[in-house]
Amino acid sequence: MKFAAALLCQVLVASAAFAIPTSRERLAQRVARRAAGAHLSHPKQPTAGPVAEVGALSNVSHVEFSSNWAGAVLIANSNTFKSVTGTFTVPTPREPSGGSGTHSASAWVGIDGDTCGSAILQTGIDFTVSGSRVSFDAWYEWFPDFAHDFSGISISPGNQITVTVTASSTTSGTATILNRSTGQQVSHSFSGQPALCQENAEWIVEDFEENGGLVPLANWGTVTFTGASAGTSGGSQGPSGATIIDLEQNGRQLTTVSTSGSSVTVQYSGP
């Protein structure tokens, strides 16, 4: 009897072990989702704006509205922006009020995607909440290709993350993510990509696309990009005076965005 009970216990423990995916298996699952086109950032999708009077908004200067982007964009002539960087604290995503199931959003920096939508060089962090569980993915992308996950870096709430993209030419460049809290750094080099215009430099929180539609949007609280800077051939430029983009869906403004000389703050203000 004792032998049978011990054997049953061993079987249950082994079954439980097989039921819980390892970190390598979880990474493989994410990579498979990326390869299947599960995550795709898009150029900014403009909207007409929320139903509420625009005059009541606190950040009305240079404000535009989008169904998928919230943040700040610098706009210039072609071949202007060579790099974009910013540092933010990883938030703990929450379900919106009254929401259930899986909700996500993504914080990233990039070149192009606003006035030039044919290509985007970008890198960032996805944050997802599903019930009581949260998860994070570090990724790089040269749109119109899908996003690809980095390996060799772990992300946790409260980590300080620096994201940087650098265009060495209109068709090549690098995407780098540094976790300042752990010291881990990953980078990916691109070549032979669709040509950038280098007209836009942006700091964005996005409701990204998954399997043909926008994902249910998580409440990320506040993401503030500090040390925000865009490199040009003549030096660097901060986000002060950039075009502010607020996220609007179904006639409702869901974010409040503000900028300073070296920071972009994107606050979730939805349900």
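Guide: A residue is called buried when its relative accessible area is under 20%, exposed when it is over 50%, and partly exposed in between, with a 1.4 Å probe and protein chains only. Of the 271 residues of this protein, 46% count as buried. This is a predicted model, in which local features need pLDDT of at least 70, side-chain atom pairs count only at pLDDT 80 or more, and totals for chains, interfaces and linings use all residues. Residues are numbered from 1 along each chain as its sequence is written, and side-chain values use heavy atoms, with hydrogens and water left out.

Visitor: What is the mean pLDDT of the protein?

Guide: The term pLDDT denotes the predictor's confidence in each residue, from 0 to 100. The mean for the protein is 86, and 82% of its residues reach 70 or more. Over residues 1-35, however, pLDDT stays under 50, and the model has 18 contacts beyond four places in sequence for them; a contact means heavy atoms within 4.5 Å. Residues 53-60 also have pLDDT below 50, with 10 contacts in the model beyond near neighbours in sequence.

Visitor: How many helices and strands are there in the protein?

Guide: There are 2 helices and 19 strands. These are DSSP runs numbered from the N terminus: helices are H or I runs of at least four residues, and strands are E runs of at least two. Among contacts between residues at least 6 apart in sequence, 69% join residues at least 24 apart.

Visitor: Why is Ser106 called buried?

Guide: The relative accessible area of Ser106 is 0%. Because buried requires a value under 20%, Ser106 is buried. Ser106 lies in strand β4, residues 102-111.

Visitor: What makes the link between the side chains of Ser106 and Trp139 a polar contact?

Guide: A polar contact is a pair of N or O atoms within 3.5 Å; within protein, one must be able to donate a hydrogen and the other to accept it, and residues adjacent in sequence count only if both atoms are side-chain atoms. The distance joining the side chains of Ser106 and Trp139 is 3.1 Å, so it falls within the cut-off. The Ser106 side chain also reaches the backbone oxygen of Ile125 at 3.3 Å. Among the residues that Ser106 touches are His39, Asp126, Phe127 and Glu206.

Visitor: How do you know that Cys116 and Cys197 form a disulfide?

Guide: A disulfide is a pair of cysteine sulfur atoms within 2.5 Å. The sulfur atoms of Cys116 and Cys197 are 2.1 Å apart, and therefore the pair meets this rule. The link is right-handed, with 60° about the S-S bond. The pair joins distant parts of the chain, 81 residues apart: Cys116 is in the loop between β4 and β5 (120-130), and Cys197 is in the loop between β10 (185-190) and β11 (200-206). By this rule the count comes to 1 disulfide. Cys116 counts as buried, because its relative accessibility is 4%.

Visitor: Which residues have the most contacts inside the largest nonpolar core?

Guide: They are Phe88, Ile125, Phe127, Ile177, Trp203 and Trp220, in a core of 50 residues. A nonpolar core is a set of buried Ala, Val, Leu, Ile, Met, Phe, Trp, Tyr and Cys residues joined through side-chain atoms within 4.5 Å. Phe88 touches, among others, Ala107, Ile161, Val223 and Phe225. A second, separate core of 10 residues includes Leu40, Val73, Trp139 and Ala147.

Visitor: What makes β14 and β19 a pair of strands?

Guide: Two strands pair if DSSP finds at least two bridges between them. Strands β14 (residues 222-232) and β19 (residues 263-268) have 5 bridges, so they pair, in the antiparallel sense. The bridge partner of Phe225 in β19 is Val264. Strand β18 (residues 255-259) is joined to β19 by 5 bridges, also antiparallel, and these two strands form a hairpin with 3 residues between them. Within it, Val257 stands opposite Val266.

Visitor: Which strands does β3 pair with?

Guide: Strand β3 (residues 81-89) pairs with β14 over 5 bridges in the antiparallel sense. It also pairs with β8 (residues 160-169) over 7 bridges, again antiparallel. Val84 has Ala230 as its bridge partner in β14 and stands opposite Val165 in β8.

Visitor: Why does Val264 count as buried?

Guide: Val264 is at 0% relative accessibility, and therefore under the limit for buried. Val264 is found in strand β19 and touches, among others, Gly71, Trp203, Val223 and Pro239. Val264 and Val223 are 41 residues apart in sequence and 8.3 Å apart in space, C-alpha to C-alpha.
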